[in-house]
Amino acid sequence: MRGFEGEVAVVTGGGSGIGRAIAAELVRAGARVAVADIDAGAAERAGRELGAEAFQVDVSSAASVQALAAGVADRLGPAAVLVNNAGVASAAPLERMTDADWDWILGVNLYGTIHGVAAFLPQLRQTRGRILNTGSMAGLSPDAGMGGYGTTKFAVTAYTEVLAEELAADGIAVTLLAPGPVRTALGSSSRNRGGGADRGLVDVDLAAGDGAGLRWITAEEVAAVALDALRDGRRYAITHPDWAPVVHARHRAIEAAFADALAHEQGSRSTEQESRSTEQGPDASVGSDADTDTDQGTTR
Ligand SMILES: NC(=O)c1ccc[n+]([C@@H]2O[C@H](COP(=O)([O-])OP(=O)(O)OC[C@H]3O[C@@H](n4cnc5c(N)ncnc54)[C@H](O)[C@@H]3O)[C@@H](O)[C@H]2O)c1
């Protein structure tokens, strides 16, 4: 277990919701925190209220995240905790999503994570730091109607799992935070999206409709789980144990497909054997030997 006292921590998307709550918890734990957000006003407010340094960043731009890394090193020193948390979630059936939609949602959710790691890894190597990537339950089991979001979050899951393996030897722990429903401003994600009318994605009131029956927790509850996982260097941080059946159901469907494939292979093997032994019955086998012999030009 490792605390945060005196460590420099960077939280993207720190101006609102889960990021802001994680930043607050890190400040409480004694870290010197950089709150980075595309919404400069939100970052500044959070910085002022939490006692953190505010930075403006667009995580979908590699250059912007590189500038953030340089600014953090300058103002606070090398980062020891990186929280890649900035994210957006609007909804549409996959066939309605435009290229501009994909660029935006992949740009923030997936490239934002990739850019964060690329820019801060040199500092994290210096400090033997830690990384937490905010994925989602939608990155363990995707939802219809939010396929674009699920696609980005599955990618974050894969990226995080592989990164954890690859950085383990350097002593850098990597955690995937996979929250279920959390009350934040995520339902108005397009507020941070640039212009361009070519879009199928629309904001949805995530807590209404089908979401009304879900268990919504607070960003503070998520932050507590995130910090515990970071302290212990755990691979996964789960906030909604009640979603286990949903994830298990997906895994069971995949396992069933493997079992089917095995049965199919074994079935075709035994059919092959049966047909071979029918063909090669006592008489057939003599015949086949005789044929082989004939083929091989041997004489009897
Ligand atoms: N709220 C949920 O139910 C829920 C569930 C699972 C995962 N998550 C994930 O949690 C993370 C935080 O979301 P939230 O729920 O706190 O939403 P939120 O909208 O309250 O906070 C997201 C923050 O990211 C910032 N942001 C957006 N685009 C950015 C960009 N290009 N560069 C930098 N910052 C940008 C926003 O300005 C905002 O401050 C996201 O990755 C989201 O996918 C949320």
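**Close-up views of a predicted model**

**Figure 1**

**Figure 2. Helices α4 and α5 packed together.** Here we zoom in on helix α4 (residues 99-127) and helix α5 (residues 147-168). Their axes are 9 Å apart and the packing angle is about 15°. Since angles under 35 degrees count as roughly parallel, α4 is therefore roughly parallel to α5. The crossing, where α4 passes α5, is right-handed.

**Figure 3. Who touches whom between α4 and α5.** On the α4 side, the residues that meet α5 include Trp 102, Ile 105, Leu 106, Leu 110 and Val 117. Over on α5, their partners include Tyr 149, Ala 155, Val 156, Tyr 159 and Leu 163. Asp 101 in α4 and Lys 153 in α5 are also among the residues that meet here. Sorted by class, this contact has 11 nonpolar, 4 polar and 2 charged residues.

**Figure 4. The two domains.** Now for the domains: the domain assignment gives domain 1 as 8-239 and domain 2 as 253-295. How far apart do the C-alpha centres of domain 1 and domain 2 lie? They lie 54 Å apart.

Technical notes
Residues numbered from 1 in each chain as written. Predicted model: local features only at pLDDT ≥ 70, side-chain atom pairs only at ≥ 80, totals over all residues. Domains from an automatic or database assignment. Axes fitted to C-alpha atoms, helices over the stretch in contact; angles between N-to-C directions. Helix = DSSP H or I, 4+ residues; strand = E, 2+ residues; numbered from the N terminus. Parallel < 35°, antiparallel > 145°, perpendicular 65-115°, else oblique. Left-handed = near helix turned anticlockwise from the far one by under 90°. Contact = placed C-beta atoms within 7 Å. Nonpolar A, V, L, I, M, F, W, Y, C, P; charged D, E, K, R; others polar.
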